[in-house]
Amino acid sequence: EWVTVRGPLPGPLFVNLDRAHSRRRLSGTGVYDLVRELGEALAERFQKIPRQAPRSPYADDALFHAGKAYQELYGFNRQEGALDLAVKNWRELVSRYPASPLVQEARYWLGLSFEEGKGDAAEARSHYQALVEEFPKGDWTAKARRRLDAMKRAEEHGMDLIEISPT
């Protein structure tokens, strides 16, 4: 049996299999708990790949996507522990697989996590700068340069950068 949660606009907001086959509706807390559990389970599965098979061609991808899953959880619940786990996975990717094509993007997300999530401008700047120096013509370098420029302008005007779009 399927349970559909509807909002004020037409169409479902969230659809999930009702395992208990009950007629009860999912509450906001129920949806939150389900998303959190699924996100954590997904991230944990990704983390197992490099632990069990560190030479796997998918190990770097797994660390990157574990980081993204934890980042999404942080965006959902704003619990710093999720952001810490995202950072941990991306740092591991950068250190263990420096030749991975995902290092550029991981460095960018590390910078953004410290800038916006942790409010640590110095640490954010170090990740953006490392990206610019290591990959001067990389795909993520232009974004890192924009972040560095925005941080510099904000400092010159005595402002903080908070929740700025990553694009």
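This is a predicted model: local features need pLDDT of at least 70, side-chain atom pairs count only at pLDDT 80 or more; totals for chains, interfaces and linings use all residues.
**Exercise 1. Confidence at the ends**

*Solution.* Step one: find the stretch. pLDDT stays under 50 over residues 1–7. Step two: count. The model has 25 contacts beyond four places in sequence for residues 1–7. Step three: look at the other end. Residues 162–167 also stay under 50 in pLDDT. For residues 162–167 the model has 12 such contacts. Step four: take in the whole chain. Its average pLDDT is 81, and 75% of the residues score at least 70.

**Exercise 2. The overall plan**

List the elements of the protein chain in order from the N terminus.

*Solution.* Step one: count them. The chain has 2 strands and 6 helices. Step two: order them. The run is β-β-α-α-α-α-α-α. Step three: check how much is covered. Of the 167 residues, 41% are buried.

**Exercise 3. Helix 2**

Compare the span of helix 2 with the expected span.

*Solution.* Step one: helix 2 covers residues 59–77, which is 19 residues. Step two: use the rule. The expected span is 1.5 Å times one less than the number of residues, which gives 27 Å for helix 2. Step three: compare. From first C-alpha to last, helix 2 reaches 27 Å, close to that value. Step four: ask about cover. Step five: see what follows. Arginine 78 comes after helix 2 and has a positive phi, near 55 degrees.

**Exercise 4. The largest nonpolar core**

Which residues touch the most other members of the largest nonpolar core?

*Solution.* Step one: this core has 33 residues. Step three: find the contributors. Helix 2, helix 3 (80–96), helix 4 (103–117), helix 5 (121–134) and helix 6 (141–156) each give two or more residues to this core.

**Exercise 5. Glutamate 116**

Is glutamate 116 buried or exposed?

*Solution.* Glutamate 116 lies in helix 4. Step two: apply the cut-off. Buried means under 20% relative accessible area. Glutamate 116 has 18% relative accessibility, so it counts as buried. Step three: look for a partner. The side chains of glutamate 116 and arginine 147 are joined by a polar contact of 3.5 Å.

Terms used:
Residues are numbered from 1 along each chain as its sequence is written. Side-chain values use heavy atoms; hydrogens and water are left out. Helices (H or I, at least four residues) and strands (E, at least two) are DSSP runs, numbered from the N terminus. Buried means under 20% relative accessible area, exposed over 50%, partly exposed in between (1.4 Å probe, protein chains only). A nonpolar core is a set of buried Ala, Val, Leu, Ile, Met, Phe, Trp, Tyr and Cys residues joined through side-chain atoms within 4.5 Å. pLDDT is the predictor's confidence in each residue, from 0 to 100. Contact means heavy atoms within 4.5 Å. A polar contact is a pair of N or O atoms within 3.5 Å; within protein, one must be able to donate a hydrogen and the other to accept it, and residues adjacent in sequence count only if both atoms are side-chain atoms.
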